[in-house]
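The coordinates are shown first, and the account follows.

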Amino acid sequence: MSLILHRADAPILLAPAGDPTAAVAALESGADAIYVGLKGWSRGGAKGELTSEELQEVLSVAHARSRRVRVALNTIPRRAERRYLLGRVAELIGWGIDGVIVNDPGLLAELRARYPALCITASIGCAAMNEADVAFYRDLGADAVVLPGTLSLDELRAIAQVPDVMTEVMIHMVEEFILLGKCWMPSYYRLNPTPLAEVHGEGNRLVGSMKRGGAGVCFKVCEQPWGLYLDGQQVTKRLLPSRQISPINDLSDVLDAGVDVVKLQGRSLSSTLLARLVGRYRASIDAWVDGKAAPAFEEFQLEPSWTVARR
Amino acid sequence: MTRSFELNTTISNLRDLKASDLSPYDAIYLGNITCRLYEANLLEHPDDLREAIAVVKGQGKRAYVTSYAAPRNDFLPKLRKALAVAVEAGIDAVEVHNLGVLKIVHETHPGLPVHIGGLANVYTDAGAEVLKRFGAMRITPNYELSLEEIGQIQRQVGLPMELLVHGKMPLGISDYCFLLEYEEAWGIKCPDLCQQDLFLKQGDWAMKSIGKGVLSGRDVCMFEHLPQLVAEGHDCFRIEAVSESPAYRLEVGRVYREALKRAVAGMNGMEEGWWNTLRSHARIGLCNGFYFGKSGMEYLGVRPEAVASAVRRPGADAI
């Protein structure tokens with residue numbers, strides 16, 4: 001099991017980067033590592049994915065600073081797409097990527113078998129919620145498992161005890177009503193197969209499907225007002241619940257619990273906002289490492305616009 | 001020799017089980033997968049679970065225990081207890097929607113047959129192969145898969161696929177029940193809240209709220225397509241009635257039992273009365289789910305009127 005991302009004695013700050021400018025901003029603001037999406041193969045939208053050329057550019061920039069880059073390949077490719085993707089990963093490894101993030105146990109297992117030294121993360125979309133989940137993905141070959149920032153300190157403490165796997169917490173995220181990885185509301189209403197040019201024959205982006213749609217597919221049904229009907233009568237109109245999670249003032253407790261990687265959600269963030277966000281977490285982590293009091297931030301209750309553009 | 005099939009359904013608690021006529025069904029999944037606080041959830045009440053298994057098996061049916069779709073750490077001890085009780089009581093299989101639970105079952109009860117549930121997110125043959133190594137003997141693929149994709153997985157992996165043929169399909173599960181916000185305003189408290197008739201509507205779109213999750217507003221209905229499913233080699237079928245009445249469970253089950261008997265015997269033709277029964281229970285209307293590669297709420301078939309609900313409640317908005 002590769003642990004190449006684990007920095008001894010200090011938690012890793014893992015920041016999103018939706019484009020090369022954001023990548024530079026995140027690195028200059030103190031991210032130890034960044035994660036990027038590869039165009040056509042990651043969830044989260046066209047705005048947050050890199051072309052092959054951009055990925056190579058970002059790898060060069062990051063490695064010059066001795067920082068790492070993980071690539072999100074977290075759609076769930078179908079059989080023909082998977083054959084293509086497994087071959088493509090060899091090319092990515094040749095470019096020097098430091099790891100991949102995947103969303104499907106089958107793809108994870110095949111990547112582990114084919115690339116024994118590759119660092120593999122089980123994505124937040126794998127919906128790991130408990131220590132048995134984390135152990136399952138570890139046994140499958142994951143080096144790290146992403147957990148939602150909604151878990152309690154007790155839960156994080158227990159999960160961090162699972163040996164031989166890094167505990168990664170998406171500490172800054174929007175908590176949607178439906179659990180990440182368990183939503184197919186959008187595709188119930190709209191599903192549009194779109195040919196994926198790279199994969200000859202059977203490749204299709206299922207635009208509308210959160211799990212399989214690739215770029216820009218979630219049209220946010222949960223953010224639109226719904227009439228709530230009780231016994232056939234409308235009793236209210238409302239949005240489905242969502243809230244911003246970003247407990248920066250409690251980060252020291254999270255780190256005390258043994259979390260290895262502090263992950264920030266937000267591949268669609270502007271470089272300006274991303275720099276501010278990463279800078280906050282850098283300062284807090286450094287204070288914890290040095291045994292000092294964390295800086296106090298006034299706006300600890302952040303709006304979802306700190307995570308996802310257009311909210 | 002007539003080909004056999006299994007028609008099953010889910011029942012969450014002992015009260016519903018005893019109120020239900022199980023005659024159309026070959027097997028019952030016991031328990032509620034979304035919420036520990038669901039009224040008398042069989043997964044939280046070992047004595048009830050023991051009795052429920054005895055009731056089901058006493059009627060000559062197979063009894064399966066289900067398990068939580070998104071269990072937190074503190075769910076796991078109770079879940080282990082429920083599994084132990086179920087195994088001791090002679091359960092025929094466990095349904096697993098969470099891969100950590102799969103690991104627990106595999107390690108603690110290695111001989112227990114495992115059915116992978118739809119919320120476990122099996123989307124590919126590779127994913128199914130992994131779960132087969134952990135003891136899976138049957139798979140309900142994720143609801144987003146088409147029949148074509150399901151068939152490919154079945155052929156590649158060699159495991160039977162269980163198909164939802166009727167009922168509201170899960171569209172997502174949550175860790176939070178927003179219905180609790182209305183306890184005071186409505187004068188209805190948990191665990192009664194999520195059992196109310198609750199729909200979310202937006203234009204032509206509708207979903208059913210079950211508290212910690214949402215179901216499709218339209219009932220998936222593969223009634224017209226049963227001959228195709230049988231011809232494609234499928235023989236495990238579910239009526240999803242966890243949020244429905246005993247009358248729904250019985251009447252819809254009876255229709256599918258008879259229709260499947262005809263389909264496996266290679267007989268054509270459906271009784272008009274069967275069709276009327278199905279439509280009468282569809283509050284919002286019918287859909288095919290994702291089986292034909294379309295959006296989940298679409299309906300393909302020779303009965304376009306299926307899309308509209310045949311149910312009209314006096315004084316209610318036409319949903």
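In this predicted model, β12(A) pairs with strand β9 (residues 198-202) of chain B over four bridges, in the antiparallel sense. Within this pairing, A:Leu228 has B:Leu200 in β9(B) as its bridge partner. The two strands belong to an open sheet of seven strands, ordered β9(A)-β8(B)-β11(B)-β10(B)-β9(B)-β12(A)-β13(A), with antiparallel pairing. Which strands stand at the edges of this sheet? They are β9 and β13 of chain A; each has a single partner strand, so one side of each is left without a neighbour in the sheet. From one strand to the next, the twist averages 30°.

Further along the order, strand β8 (residues 170-174) of chain B and strand β11 (residues 213-216) of chain B are joined by three bridges, again in the antiparallel sense. Here B:Pro170 stands opposite B:Leu215 in β11(B).

The phi angle of A:Asp231 is near 55°, a positive value in a residue other than glycine. In chain B, the loop between α7 (183-186) and β9 holds B:Pro191. A cis peptide bond, with omega about 10°, joins B:Cys190 to B:Pro191.

The interface as a whole can be described by contacts and by area. In total, 63 residues of chain A are in contact with 72 residues of chain B. The two chains bury about 5600 Å² between them, and 59% of this area lies on carbon and sulfur atoms. On the side of chain A, the residues that lose the most area to chain B are A:Trp184, A:Tyr188 and A:Tyr229, which together account for 17% of what that side buries.

Polar interactions also cross the interface. There are 29 residue pairs in polar contact between chain A and chain B, counting pairs with both residues at pLDDT 80 or more. Several elements of chain A each supply at least two residues of the side that touches chain B, among them α3 (79-95), α4 (105-114), β9 (178-183) and β12 (226-230). The largest share, nine residues, comes from α5(A). By class, this side of chain A has 34 nonpolar, 13 polar and 16 charged residues.

Side chains of opposite charge can pair when their charged atoms come close. Over all chains, a search of the whole structure finds 41 salt bridges, and the count between chain A and chain B is six. In one salt bridge, the side chains of A:Arg79 and B:Asp125 meet at 2.2 Å, N to O. Why does this pair join two chains? A:Arg79 lies in helix α3 of chain A, whereas B:Asp125 lies in helix α5 (residues 125-133) of chain B, so the link runs between two chains.

Chain B also contains an open sheet of 10 strands, in the order β6-β5-β4-β3-β2-β1-β13-β7-β12-β14, with mixed pairing. The edge strands β6 (136-139) and β14 (286-287) of chain B each pair on one side only. Strand β1 (residues 6-11) and strand β2 (residues 27-30) of chain B pair in the parallel sense over four bridges. In that pair, B:Asn8 has B:Ala27 in β2(B) as its bridge partner. Helix α4 (residues 99-108) of chain B packs on this sheet, where it touches β4 (93-96) and β5 (114-116) of chain B. The direction of α4(B) makes about 155° with that of β4(B).

| Strand pair | Sense | Bridges |
|---|---|---|
| β12(A) and β9(B) | antiparallel | four bridges |
| β8(B) and β11(B) | antiparallel | three bridges |
| β1(B) and β2(B) | parallel | four bridges |

Terms used
Residues are numbered from 1 along each chain as its sequence is written. Chains are lettered from A and ligands numbered from 1 in the order in which they are written. This is a predicted model: local features need pLDDT of at least 70, side-chain atom pairs count only at pLDDT 80 or more; totals for chains, interfaces and linings use all residues. Side-chain values use heavy atoms; hydrogens and water are left out. Contact means heavy atoms within 4.5 Å. Buried area is the accessible area (1.4 Å probe) that two parts lose on being put together, summed over both. A salt bridge is a side-chain nitrogen of Lys or Arg within 4 Å of a carboxyl oxygen of Asp or Glu. A polar contact is a pair of N or O atoms within 3.5 Å; within protein, one must be able to donate a hydrogen and the other to accept it, and residues adjacent in sequence count only if both atoms are side-chain atoms. Ala, Val, Leu, Ile, Met, Phe, Trp, Tyr, Cys and Pro count as nonpolar, Asp, Glu, Lys and Arg as charged, and the others, Gly among them, as polar. Two strands pair if DSSP finds at least two bridges between them. Axes are lines fitted to C-alpha atoms, for helices over the stretch in contact, and angles run from 0 to 180 degrees between N-to-C directions.
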